[in-house]
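Subject: Structure handover

Hello,

Here is the structure for you to open. My notes on helix packing, the cavity and the pocket follow below.

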Amino acid sequence: MISTQTISSSHSPEEIIHSLQHWWEMAGVDQHYNEQPSTLLSEKAIEHIPSLSKAVPIVETQPPPAIETQPKPLSPAMVEEIYPQSYRGFLEWLANPVNLVEGKWSRDICLPTGPMSPEIMVISALPERNDSGEHQLFNDLNQKLLSKMLAAIGCKSTQTYLASIAVTKPVDGTIEKDLWPQFKARMNHHIQLVEPKQIILLGDLAAKMFFGQDLLTARQKKQNINHFSSKTDAIVTFHPRILIERPQFKAEAWKDLQMLTRISGS
């Protein structure tokens, strides 16, 4: 604050004004000022203040709708580029986890087994684990029941080809839906190489991946599996594991197998 003692009455008004200007410059105020008196509350000044009632309204914008993309099935040309065209080459390719989408789940690969051009090709969605924790197509109990089921329709083990859609099993025991088209295309190629006369699909997941239907719906009629150049008759039924856990479903499974018997003419 400037003391009144610093402004002596012996100084002229011009000298006093110059002294004050010099003091403000030293304080860092070097901008021009308005020499004309004014009031911030005058009507003219208030006219330039934006009114809250005239504020620009806030327009809420909706985010663009999410576009749900469905995974596209692989075309025959794409399949030919990806998978080996000979059965032996395909098996060697299938045995290498680096080639497989499920290779990140486990390195314990469970390969298919059986003759070419079998009477029946049995397909499950996933392999199982045995008592040692290793993957196999069916554990001992399930394999024994499956053999009895096939024998009931006159099919011997030497006439049967066993395979799983994924050759190893994820921790949670399921396959993400966006991977289904890729697994289905690979299995269709597999079927085309094996050339089975008939196919049995086991379980709910396999039914959904191939026919887009749950087990109870898909098993109500015989199906056709289109594998690019041709199609093969198929049925859907319960996995042997379910039949062991719930024996009351064995009669229903027998009805499913009878449809296959009529297809084969046995």
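Start with the largest cavity: H4 and H6 each supply at least two residues of its lining. Helices here are DSSP runs (H or I, at least four residues), as strands are (E, at least two), numbered from the N terminus. The model is predicted, so to speak of local features pLDDT must be at least 70, side-chain atom pairs count only at pLDDT 80 or more, and totals for chains, interfaces and linings use all residues. Residues are numbered from 1 along each chain as its sequence is written, and side-chain values use heavy atoms, leaving out hydrogens and water.

**The cavity**

There is 1 cavity of 30 Å³ or more. A cavity is a set of points on a 1 Å grid, over the protein atoms alone, where a 1.4 Å probe fits but cannot get out; a pocket is an open set with protein on both sides within 12 Å along at least five of seven lines; lining residues have an atom within 4 Å of a point. Grid points are joined across faces, edges and corners, and a volume is the space filled by probe spheres set on the points.

The largest cavity holds about 50 Å³. Its lining is Phe90, Leu94, Pro112, Ser164, Ile165, Val167, Arg186, Met187 and His190. H6 gives the largest share, 3 residues. By class, the lining has 6 nonpolar, 2 polar and 1 charged residues. Nonpolar covers Ala, Val, Leu, Ile, Met, Phe, Trp, Tyr, Cys and Pro; charged covers Asp, Glu, Lys and Arg; the others, Gly among them, are polar.

**Helix packing**

H4 (residues 87-94) packs on H6 (residues 180-194) at about 145 degrees, axes 10 Å apart. Axes are lines fitted to C-alpha atoms, for helices over the stretch in contact, and angles run from 0 to 180 degrees between N-to-C directions. Tyr87, Phe90, Trp93 and Leu94 of H4 meet Arg186, His189, His190, Leu193 and Val194 of H6. Contact means heavy atoms within 4.5 Å.

H6 also packs on H7 (residues 204-211), at about 90 degrees with axes 9 Å apart. That makes H6 roughly perpendicular to H7 (65 to 115 degrees). From H6 come Trp180, Phe183, Lys184, Met187, Asn188 and Ile191; from H7, Leu205, Lys208, Met209 and Phe210. This contact has 7 nonpolar, 1 polar and 2 charged residues.

The largest pocket has a volume of about 380 Å³. It has 20 lining residues, and closest to its centre are Ala125, Gly203, Leu205, His239 and Arg241. H7 and H9 (240-245) each give two or more residues. H7 has the largest share, 3 residues.

Best wishes

Note on methods: Parallel < 35°, antiparallel > 145°, perpendicular 65-115°, else oblique.
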